[in-house]
Amino acid sequence: MENPYTEVGGSLVGYMNSTFPFATLSVTQDRISITTVTIFLGKKEFSIPKDQIRAITKYRGFFSSGIHISVYDDVTPEPLVFWTFNFSNLRQNLEARGYTLS
């Protein structure tokens, strides 16, 4: 079994924003998981199988960049964004595990 790529950052889940270090991204060849902690939601994990991911796109905020994950289901909050301090490293690790950023 491969080691997942894990990174600490921030997130935007629906209308709830979590700043660094309150979100964690974990990427394997089979799925992407985002765990986030907010005052209102508490701790939530969104684990998306690779075949349920419609697209991964670069997402720009005022002060940082991240990825926006679009999924096929209607249950996952929209938008689902992970903020990173090192976009090029995140992109490289996603691509190494078979994901494409559009």
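**Overall fold**

The model is predicted. Its secondary structure comes to 1 helix and 7 strands. Along the sequence the pattern reads β-β-β-β-β-β-β-α. The radius of gyration of the chain is 12 Å, close to the 13 Å that the globule rule gives for 102 residues, so the chain is as compact as a globular protein of that length. Along the principal axes, the C-alpha atoms fill a box of roughly 35 × 30 × 25 Å.

Of the 102 residues, 44% count as buried. Take the contacts in the chain with a separation of 6 or more: residues 24 or more positions apart account for 38% of them. The chain has 9 positive and 9 negative charges, and their mean positions are 5 Å apart.

Helix α1 spans residues 87-96. Which residues of α1 are buried? They are Phe87, Leu90, Asn93 and Leu94. These residues cover an arc of only 130° around the axis, which puts them on the same side of α1. The spacing fits a general rule. An α-helix has 3.6 residues a turn, so residues three or four places apart point the same way.

The face turned away from the buried side carries exposed residues: Ser88, Gln92 and Ala96. What do the buried residues of α1 pack against? Their partners are β1 (5-13), β2 (16-27), β3 (31-38), β5 (53-60), β6 and β7 (80-84). After α1 comes Gly98, whose phi is positive, near 90°.

**Ile67, a buried strand residue**

Ile67 sits in strand β6, which covers residues 65-71. Its relative accessibility is 0%, so Ile67 counts as buried; the cut-off for buried is under 20%. Leaving out residues up to four places away in sequence, Ile67 touches Ile56, Thr57, Tyr59, Leu80, Val81, Phe82, Phe87, Leu90, Leu94 and Leu101. Among these partners are Phe87, Leu90 and Leu94, which are buried residues of α1. Ile67 and Phe82 are 15 residues apart in sequence, yet their C-alpha atoms are 5.4 Å apart in space.

**Three further residues**

Thr38 belongs to strand β3. Thr38 is buried, with a relative accessible area of 10%. Beyond four places in sequence, Thr38 touches Met16, Asn17 and Ser18.

Ser64 lies in the loop between β5 and β6. Is Ser64 buried or partly exposed? At 26% relative accessibility, Ser64 counts as partly exposed. Its contacts, leaving aside neighbours within four places in sequence, are Tyr59, Trp83 and Thr84. Ser64 and Phe22 are 42 residues apart in sequence and 15 Å apart in space, C-alpha to C-alpha.

Ser102 is in the segment after α1. Ser102 is exposed, with a relative accessible area of 63%. Where does Ser102 make contact, leaving aside its neighbours within four places in sequence? Ser102 is in contact with Ala55, Ile56, Thr57 and Lys58.

| Residue | Relative accessible area | Class |
|---|---|---|
| Ile67 | 0% | buried |
| Thr38 | 10% | buried |
| Ser64 | 26% | partly exposed |
| Ser102 | 63% | exposed |

**Cis peptide bonds**

Phe20 and Pro21 are joined by a cis peptide bond, with omega about 5°. Pro21 lies in strand β2. Another cis peptide bond joins Glu78 and Pro79, where omega is about 0°. Pro79 lies in the loop between β6 and β7.

Methods. Residues are numbered from 1 along each chain as its sequence is written. This is a predicted model: local features need pLDDT of at least 70, side-chain atom pairs count only at pLDDT 80 or more; totals for chains, interfaces and linings use all residues. Side-chain values use heavy atoms; hydrogens and water are left out. Helices (H or I, at least four residues) and strands (E, at least two) are DSSP runs, numbered from the N terminus. Buried means under 20% relative accessible area, exposed over 50%, partly exposed in between (1.4 Å probe, protein chains only). Contact means heavy atoms within 4.5 Å. The arc is that of the directions from the helix axis to the C-beta atoms. The radius of gyration is taken over C-alpha atoms; the globule rule is 2.2 Å times the number of residues to the power 0.38. Lys and Arg count as positive and Asp and Glu as negative; His and the chain ends are not counted. The place of a charge is taken as NZ of Lys, CZ of Arg, CG of Asp or CD of Glu.
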